Each structure stands twice: as C-alpha cells, then as structure tokens.
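Biologist: I have this chain open and would like to talk it through with you. Could you start with the overall picture and then move to the local details?

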Amino acid sequence: MESARTRLLVIMAIMLASVIMLTGRLFYIQIVAGNRYAEKSRDQAQQRMILHAKRGSLFDRNGTLLATTLNKPLDLQKQDSDSDKNSKGITRVYPYGSIGGTIVGYTGIDTYGQGGIELSADAALRGEDGWAIVMRDARNTRYRKADLPEKMPVNGANVYLSLDIALQEIVQKTLLQTIEQFAARGGMAMVMDPQTGEILAMADELGFNPNTPSRFSLANRRNRCISDIYEPGSTFKVITSATALMDNILKESDSINGDGGAYVVFNETIRDHKPYGMLSFTDALAFSSNVCFAKIANMVGNERLYRYAKNFGFGANSGLDLPGEEDGIVHPIKNWSGRTRVTMAIGQEVSVTFLQMMLAFSCVANDGVLRKPSIIRSVEYPAHQIIPTKRAAVRQVISPAVARRLRTMMVEVVARGTGKTADLPGVLVGGKTGTSQKIDAQTGAYSNSLFCSSFIGFAPIDKPALVCGVLIDEPLGGETGGMAAAPAFSKILHEIISRPTLGYAEKILNTSYDSVVAQTAHMSALAQRLPGINKMIKDTLGTSKPRGIDSLQSDTLGALAGVNKQIPNCVGIELRTAIDTLMHYGIKPCVNGFGLVVSQRPRPSRYNEATAACTLYCSMGG
C-alpha cells in the first residue's frame, strides 16, 4: 500500500514537472522569443519576388517596329529567385532579321544589350525592375496578397532611330548584289541626310541576324562601317581640293602639268592610270590624276593638309550612338616621312572609317558644316515624355562658297570623269571615285591586285538631300571605284527615286530640276546626259532631230511660265528614261512601282499648268 502511494507521488511529481517545463517552454516561445519565432515563420511563408520591367521597343524613323519583347505568362509556382535568375519568360524578337541587324544589335540571356543600339541605349530600353512580397503555403504554392508591400516595375523607353528600314533594305540588297557580281571579299554602303547628320541606312556584307546571335561569330556581329579602317584612296582628294580652294592656292581653271602620268618623289614614282599633260584643277579631280594631286600637295604643304584633315574629323571618334567605333589614323606631322604629304593627299598613309568619309562628303554637301552623326532620333519614356536627339553642328570646316565650288567640280567627276557610271539621268550628281591599293600581308608592300573600290556622292547638287557611299572590298578583277562602286551608287539612288513613299524623290528631282533652270553654269554638265534623253523624246514625239541644250532650256523655262505643252507618251518606256522625259518638259513625275511604264495618268495631252504632274504606273512593284 505504501509502495503504491509512493509510485503515485512520483508520477504526480513527474507530471507536475512536465507541466512546469512545458509551461516554461511555452512562456519562452511566446513571450521571451515570440518576436524572433514570428519573424522566422513569416520568412518561411513569405518571399520577395522580382517583377521584371518590360524592355522598350525599337522603331525606325517612320514608326516601323524593329525590335520588341514578348512576355510569357508568369507562373508563380515555377518562380524561384535563386535558381531562375536568367529565365525571365522573355523573348526578344527582331521582325526584320538581318536587315539592319548590326545597327539594331541584340540582347543576352539576361536581357541586357550586347551590341548595336540594344547596347548603346540599354539604360533607357531596360527600364527599372520592381518587386513584390508573395505568400507560400505548406504545399509551396505561392500567391500574392493585396496588403503585402510591392514596388511596381518601370518599363523601358521606346527608342526611335533615324534609320529608314525600307531604304536600308534597298541599300543592303544592292550591296550584296554588287559583291556577288564582282566576286568581292565584302563591302559597305551608307546613306545619310547631310543637312541633319542622320544615318538613313548603313550596311555591310556580314548579314548578322539578331534573332539567332549565337550562330554568328563576334566578327560577324560588328558594324564594319564604324569598326574597320582602310586607306581611302582618291576619295580623299576631295579633302586636298577643299584645302587648296579654302586657302586660295588654286582656282578651278588653274593648270597643272600631269607630266605624262609619272612623278618621282623620294625615289618612288607616283603614277596615273593613264598619261596626262596639262590639266585644269577641275579636270585633275575629274580624272583623278595622282601626279597633279602630288603637285597640289606640295603647294598646300604639311600644316594645311594636316589641319584640314583633322577639321574634317579624321583621326577622331565621331561620337555616334553605336558601340565599337574606331578613331582612324592621322599621324602627327612630326612622324611624317618626306613623301607622306604627297601620299596622304591621294589617300594613302591615312586610315579612316567609312563613316568618317561619309561625314566629310556630307560636310561638303552641307555648305561646309560638319555635323555629328546620329542614329537615335528620339527616346519615348513610359509617361509619354519624348526626348529628341539634339542635332549638333561640330564646326564650320570650309566656307559655304568653297563648298558650292567644290560640289560643282565634283559634278564633272560624274559628267565626264572617273565616275560616269554614277550618273543619274535628269539629276545633277556630284561625287568622287576611289581605288585604294591594299597592303599585301606577305610582302608588307602595296598590292597590285588587291583594292578597295569606292564611290561617295550626293544629289541634287544645289542642296543635296542625300549622301550615298558604296565600298567594294577586293573585287576579284581589281575593278576600280568607277567600275564597281559607282554603278551601285546609281542603282541605290534610282530605286530611292522610284519609290515616292520614301519621301526623297521630290527633294532630289524637283530641287535638281530648278537648279538646272536657275544656274546656267550647270548646263554643260547636264549636256553630257542629253543624248539618251533626246533620243527618247524623238522616238516618243516624232521629233525629226535631237534637241540640244538651248532647246531644253527654252522648253524648261516655257513650262515654268505656264505655256501650252505636250505631255509625252511614256508607255512602254523604262522608268528612268520616262522620268527624264517628263522632267525635260517641266512635268513632275509621280511613280507607282518600277520597271517598264505600262500606263500613265493623264494620258498624252496638252496642258497649261506650270505645276503639271504625271503618274507613271509600272510593270513591277506597284
């Protein structure tokens, strides 16, 4: 009996101790350490989740979509902030693929920009990520509660480019066709607005597609127009000419002895592609005489040539909103050899990017004002705040008068010089060819078979609306700039004019046309284009004999005065010739398509209106 009571007391004591211990533990958990355990519980049930901002889109100058982001539906149950940092359910899409691919650029797996505008405008495009606190139950299912804190993301800005994707397609297609035609190693082509510095098209042969960047090497992802340097050859003679004109060293009519095509400088012979005797300064540029420009270089001197080369922007970064731009090379005078002045004047011993050459020609086209190039036109932030890009003038390099004189000299390059194949009937075109020898990697000397063939020009001559350049790298047959690049220039401008929707046909045709009427000094250059036009007029209207320049000027002035004129029959004629014919009679051509003209409105008739227009409907593309 006593032992049973003892056992009961022990059990009661144990139970009491357990109650006391449990009560103490509960007191500790709920009172002493209550806050710490509550916080731990919240940590297990709540989680911070990143809310990714939507990357902004890219558009061309007309609002055509070039790049956008597709967001997949967000599955909270599959989100894991530790293991899914690079899988955001985001796809970046580039609708035009390789058309303008190196300009647009691409993004990496983390959606950060990796090249082109995607990289240079990354801060604006990316926006700002937000966050939210989500709950997680015992089954690890996540859900959001309205009373939990969050910060909403700020989506990225939309970026509008100066690029015209339709024009870019023309340039890229023509460049690739030309490279294939001449079995060339590669090439580059650009179109710019010289009045604003805006880049409208920029292409090389690499054809990078940002939709599949991993399929392309790093070399194929770069933009060669700004990242590769080369010796420009005779296109640099425009810089030498500008220097001579600005400092009154030569006038256009001054004579220079071509010495039969050979000139010895420090035991090395400067040669021309054909022997020349006495040439005017204008003819020396038109026929691209190395001998004459070697002598011009000696008249100009080291300091002037170096100063103007630097003022035109060579040897320095242009500040374009694209990554990977090279500075080029203009050696300081102290490092020049005895022949550097001469060779630099003809485009050797100086290295440039294609963009720099385009900017120099744009400077001449823009009355001597060098502009900073731009590819970003404006940035539109989510709150509809639009920030346009400031179009900056860098400096006045040459005077407006000298720029106009130089442009007139450059008309002769196309009218009767090395750039005849750049001709665009009905439009006064100015430009310059270049055929630069490349360095042979094995010998270290200039090669006799490897060339960079280029042509850069503008139209119309009085107030150029476009500057266009084409460079063909190592054409298989060693073709010159006049043979390989100049025809591509003409084809690009012809296609641009043939598409009124691009907005440049009227600027190029009308302005050039008015210039012919107002400036009789330009009539001699236009006369070089008349035989083909006159033949078509004779065939179309039954004229008994070709009409000369006096007849053209008379008809033009008469048309503008509003006298009765005949609208010619253009049906069955190739578009370019039809445009020339209408312009000849003071009629504004409007074009629908390309190829042969199949119909026209109005039909052949007489009119009494100074601003008469005729729409040409063509066999293709209308």
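Modeller: Keep in mind that this is a predicted model. Among contacts in the protein chain between residues at least 6 apart in sequence, 70% join residues at least 24 apart.

Biologist: And what does the secondary structure of the chain come to?

Modeller: The protein chain comes to 21 helices and 28 strands.

Biologist: How much of the chain is made up of buried residues?

Modeller: Of the 622 residues in the protein chain, 51% are buried.

Biologist: Let's go to α9, then. Is it mostly covered or mostly open?

Modeller: Helix α9, which spans residues 237-246, is mostly covered, with 9 of its 10 residues buried. The buried residues are K237, V238, I239, T240, S241, A242, T243, A244 and L245, and after the helix comes N248, whose phi is positive, near 55°.

Biologist: At what angle does α9 pack with α11?

Modeller: The angle between α9 and α11, the latter made of residues 290-300, is about 45°, and their axes are 10 Å apart. Angles under 35 degrees would count as roughly parallel and those of 65 to 115 as roughly perpendicular, and α9 and α11 are therefore oblique to each other. Their crossing is left-handed.

Biologist: Which residues meet there?

Modeller: From α9 the contact takes in K237, T240, S241, T243 and A244, and these meet N290, F293, I296 and V300 of α11. By type, the residues of this contact divide into 4 nonpolar, 4 polar and 1 charged.

Biologist: What does Y230 touch, leaving out residues up to four places away in sequence?

Modeller: Y230 touches V350, S351, V352, T353, F354, M357 and L471. As for F354, it is 124 residues from Y230 in sequence, yet the two are 8.0 Å apart in space, C-alpha to C-alpha.

Biologist: What is phi like at E349?

Modeller: E349 has a positive phi of about 60° although it is not a glycine. E349 is found in the loop between α13 (340-345) and α14 (354-365), and because its relative accessibility is 26%, E349 counts as partly exposed.

Biologist: And E474, what's its phi?

Modeller: Phi of E474 is near 55°, again a positive value in a residue other than glycine. E474 is found in the loop between β23 and α16, the helix of residues 481-497. Its relative accessible area is 17%, so E474 is buried.

Biologist: Changing topic to the prolines: which residues does the cis peptide bond with omega of about -10° join?

Modeller: That cis peptide bond joins A459 and P460, and P460 lies in the loop between β22 (446-459) and β23 (466-473). A cis peptide bond also joins R601 and P602, where omega is about 0°; P602 lies in the loop between β26 (594-601) and β27 (606-607).

Biologist: Now the cysteines. How many disulfides does the structure hold?

Modeller: The structure holds 0 disulfides. C570 is in no disulfide, since a disulfide needs sulfur atoms within 2.5 Å and the nearest cysteine sulfur, that of C614, is 5.9 Å away.

Biologist: Is C570 buried or exposed?

Modeller: C570 counts as buried, because its relative accessibility is 0%. C468 likewise has 0% relative accessibility, so C468 counts as buried.

Key: Residues numbered from 1 in each chain as written. Predicted model: local features only at pLDDT ≥ 70, side-chain atom pairs only at ≥ 80, totals over all residues. Heavy atoms only, no water. Axes fitted to C-alpha atoms, helices over the stretch in contact; angles between N-to-C directions. Helix = DSSP H or I, 4+ residues; strand = E, 2+ residues; numbered from the N terminus. Parallel < 35°, antiparallel > 145°, perpendicular 65-115°, else oblique. Left-handed = near helix turned anticlockwise from the far one by under 90°. Contact = heavy atoms within 4.5 Å. Nonpolar A, V, L, I, M, F, W, Y, C, P; charged D, E, K, R; others polar. Buried < 20%, exposed > 50% of the residue type's maximum accessible area, 1.4 Å probe, protein only.
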